[in-house]
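Subject: Structure handover

Hello,

Please find the structure below.

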Amino acid sequence: MDFEDSADELRFRAEAATWIAEAMTDIPDQEPLPQAEREEWSRLWQDRLSAGGWVGLSWPAEVGGRGMDALSQAIFNEECAKAGAPYPLNGVGMMLAGPTILTHGTEEQKARYLPPILDGQEYWCQGFSEPGSGSDLASLRTSAKKVDGGWIVNGSKIWTSNAHHATKCMLLVRTDAEAGKHAGISYLLADMDKFKVSSLVMINGDTEFNEMFLDDVFVADEDVLGGVGNGWRVALTTLAFERGSMALNLWVWAREAVDRIIEIATETGAIEDPAVIDQIGALHCDAEAVRVGSMRMVGETRAGAAPGPETSALKSLWAGVVQNANRLAVQLDGTSGVLLDTEGAAARMRRYLRARAHTIEGGTEEVQKSILAERVLDLPRSR
Amino acid sequence: MRATFTQDQADIAKTVEAIAASAEGETRSFLDAPWRAPAIDATLLSDFSVLGVPERSGGVDSSLVDLMVAVETLGRALAPTSFVAHAAAVQLMVDSGADLTAALDGSARWTYAVDEPGLTGWPTSLGEQKTLVPCLAGADAVVAAGGDGVRLVQPDDVRERVSFDPSRPMSDLRVPAGESLPLGRGLQRATLVAAAEMCGVAQGAIALAGGHARSRQQFGRVIGSFQGVAFQLAEAVAQAKAAWDLTVHAAWAVENDKPEADMQVHAAKASAGRAAVFAAERCIQVHGGMGITMEADPHLFLRRAMVLDAGLGSASWHRRRVGALRIAGSR
C-alpha cells in the first residue's frame, strides 16, 4: 500500500503545476465573479490549454495527443483544481466527447472531430437527459427516423451544460422504436446549428445549463458513433470518462469547502464554539475519506481493475461534505442565511444553493445508493 | 501511486478468516459463561504477533497495514479473541525500545491499559487508575500508557467490570509506580488496531444484514427490494468504506512518519466508530422483530461496536481532535 507519487508522477505533477501557475498569473479568483465573466476566463483558459499542448494528454500521439496514461490526465486536472483554475469552456469536448470518439469512432470520425477539440475550435455538449428521462436515461424518446443518407431527429434534451457555447452535441436518440429499451438507442455526433437552445435559470441565479429543442434536425449516417443500435454502450463509455476525469478533483473541492468554512468561522468568531469544532472535525473526516478513496480508486484502476461500484460511495460522500459545509456556512450566525446585501453573504448563499445540485447531477444520490445496494450488497433491483 | 493491497495481505486475510471460522459460535457462548481466551488464540499469538512490528523493534518488517488486514478480518467474524488487545499492547510498545521477544513469539500474552476514569480521550500523562482494560483474565502482563510514556506492568487492584460485550471482557486496574519508557507513536498505532477491528465489525454487520435482506420475504418480495431497507444498508456501506480507507491510509501515514499522521489516526478512529455503530444498529433494524431478540446475532455486533468505539478515546473525542487540528493547520 503506497499513497506516494512515483518519481515519474512527481515529475509530471511538478511540470504541470509550474505551467499552471504561470498560465494563471493574470487570472483572478473565479469564485466571486459573475457568471458571464467566469465564462470569459473559461474561454481564455481553454485557449491556453490548447496552445500549451495540455489537451489530449492521454490520447495517442498519432491523433495529436501526448500518449500519456489516464492517471496523468487525472493528475493534471487535480493540479488545475488545486490552483483554482477556471473550468475550461470545452471540458465536455476534451474529457467526454474526444475520449469517446477515440474509443468507438471510425478513422474518418477521429480525423474529422479530434483535431478541432485539440485546437479548441469546436465546443461540445452532452445531449443525454430529456424532460421525461432523468435518472431513467434509457427511457429517452427523442426519435431519429431513417431517411436517405442519414437520420431526421425530433425531440428535446434538458440539463445540458454549456449548450449555449457548444456547436457539437453528443446526442442520444431512439433509432428503433420497436427494439428493446437499450437496444433501440444510437449515439449521434450532431451539428447544433439547427438546435433551438434556451437557458434555464438555476436556483442560485446562474444559467449554466439549458433546454434544447430539435425539430427535424438532419444527422448524416457517417455521424453515427459506434454503429446504429449501440448507443447505450457508447453512452456508458462517456459516463465512465466523466467519472474518470473527476477521479482526483472531487477531494480538492471537498477540502476547499472545509477550508472556506474554517475561514468564515474564524471571521465570525464561531471557530471557538465546540459544536463548530466538532462539525469541522466530522467534515474533515469525510473530506479525507474522499481523498484517500480517490487515491485507492486510481490505484485499483492502474492495477487493471475497472472502477467498481465503490465510486458511488465516493460521489455520495463528496456531495455530503460539500453540501454540509456550505449549509454550515450560511447558518454560522443568525443573519448570513437571510440578509444578502454584502458581496460575501451573497456569494455564500450562491455556493450553498449550487451545492444542492451535487446530489442530483451526475447520477442522483438515490441512483448512487441503488448502485451500492445492487452491486455491493447484491440486493434485488428496487425499480 | 500504488494504493493497492499486496498478495501477501490477501493471503493474511484468507488465513485469518479460516482461523476465525473455527471459533464460530464461541462469541455467543460468553453471554452465558465467563470469558476465557478461545483455542484459536494460541495460533494467532504464535503466528501473527509479529504483524505490524518493524524490524527495529524485533519484528520481521511486516507493515502496519498487514496488521490492519488481519484485525479487520477478526472483526468481521466477531472473534472472541484476546489477540486484538495483545496486538494493540504490542503496538503501544513498538517505539519504547523494550525487548518485545516474548510478546512477538506468542509465549507471553499482553493487554493494554490506556483509558482512565473520567476522561473521554487519550490521557495526556500516565495516570494510576485505568479502566476499559480488555481481556485481562489470563494475560501475562499489561502495557499501561499515557501521553508521556508507556510501561509494562503487573497490575494491582484488578476489578473485573460488567462488559456490554461479554466476549470482550473489561477490567479496571491500578498501575504500580515505576519508570516509563518512550511512547513514540504507540498510542496512534494502538488506536488504529481498534479502528481496524471496528471496520471489520461494520462489514460483518453489513454482511449479516445483507443476507437477511436478500432472503426475508414480506408483501411477497424479499425485503432488500424495498428502498427503505436497501438505502440504509447502502449508507452503511459508504460509511464502512470511508472508515476502512481512512484506517489503511492512517496506518501508512504513521509508519512513514507523515506530517498529518496524528490527525489521520483521529479521523480513522472517529469514522470507524461511527461506521461500526451505525452498521450494527441498521443490522438490528433490518432484522425487524428478530433483531431485538437475544436469539438473533445482530446485537452481538452492536456490543462489540460500542465497546470498541468507547476505548482508546471515544469517537466524539477523536472527531473534536480532528476539528481542532484541522483548524490549527489552516492558520
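Helices (H or I, at least four residues) and strands (E, at least two) are DSSP runs, numbered from the N terminus. On that basis chain B has 11 helices and 8 strands.

This is a predicted model, in which local features need pLDDT of at least 70, side-chain atom pairs count only at pLDDT 80 or more, and totals for chains, interfaces and linings use all residues. Residues are numbered from 1 along each chain as its sequence is written, while chains are lettered from A and ligands numbered from 1 in the order in which they are written.

Confidence comes next. For chain B the mean pLDDT (the predictor's confidence in each residue, from 0 to 100) is 97, and 100% of its residues reach 70 or more. The complex has an ipTM of 0.95 and a pTM of 0.95 from the predictor.

On overall form, the C-alpha atoms of chain B fill a box of roughly 65 × 50 × 40 Å along the principal axes. Two residues are in contact if their C-beta atoms, placed from the backbone, lie within 7 Å. Among contacts in chain B between residues at least 6 apart in sequence, 72% join residues at least 24 apart.

A residue is buried if 20 or more other C-beta atoms lie within 10 Å of its own, exposed if 12 or fewer, and partly exposed in between, with C-beta atoms placed from the backbone. Buried residues account for 59% of the 331 residues in chain B. Helix H5 (residues 83-93) of chain B is largely enclosed by the rest of the structure, because 11 of its 11 residues are buried. Among them are Phe83(B), His86(B), Gln91(B) and Met93(B).

A nonpolar core is a set of buried Ala, Val, Leu, Ile, Met, Phe, Trp, Tyr and Cys residues joined through C-beta atoms within 7 Å. The largest one has 223 residues, of which Ala202(B) and Leu233(B) touch the most other members. Helix H8 (residues 227-255) of chain B gives the most to this core, with 18 residues. Leaving out residues up to four places away in sequence, Ala202(B) touches Ala236(B), Ala240(B), Ala243(B), Ala275(B), Ala276(B) and Ala279(B).

Lys269(B) sits in helix H9 (residues 261-286) of chain B. Beyond four places in sequence, the residues that Lys269(B) touches include Thr191(B), Leu312(B) and His318(B). Lys269(B) and Arg319(B) are 50 residues apart in sequence and 8.3 Å apart in space, C-alpha to C-alpha.

Between the chains, 39 residues of chain B are in contact with 41 residues of chain A. On the chain B side, H8(B) gives the most, with 14 residues. By class, that side has 22 nonpolar, 10 polar and 7 charged residues. Here Ala, Val, Leu, Ile, Met, Phe, Trp, Tyr, Cys and Pro count as nonpolar, Asp, Glu, Lys and Arg as charged, and the others, Gly among them, as polar.

Regards
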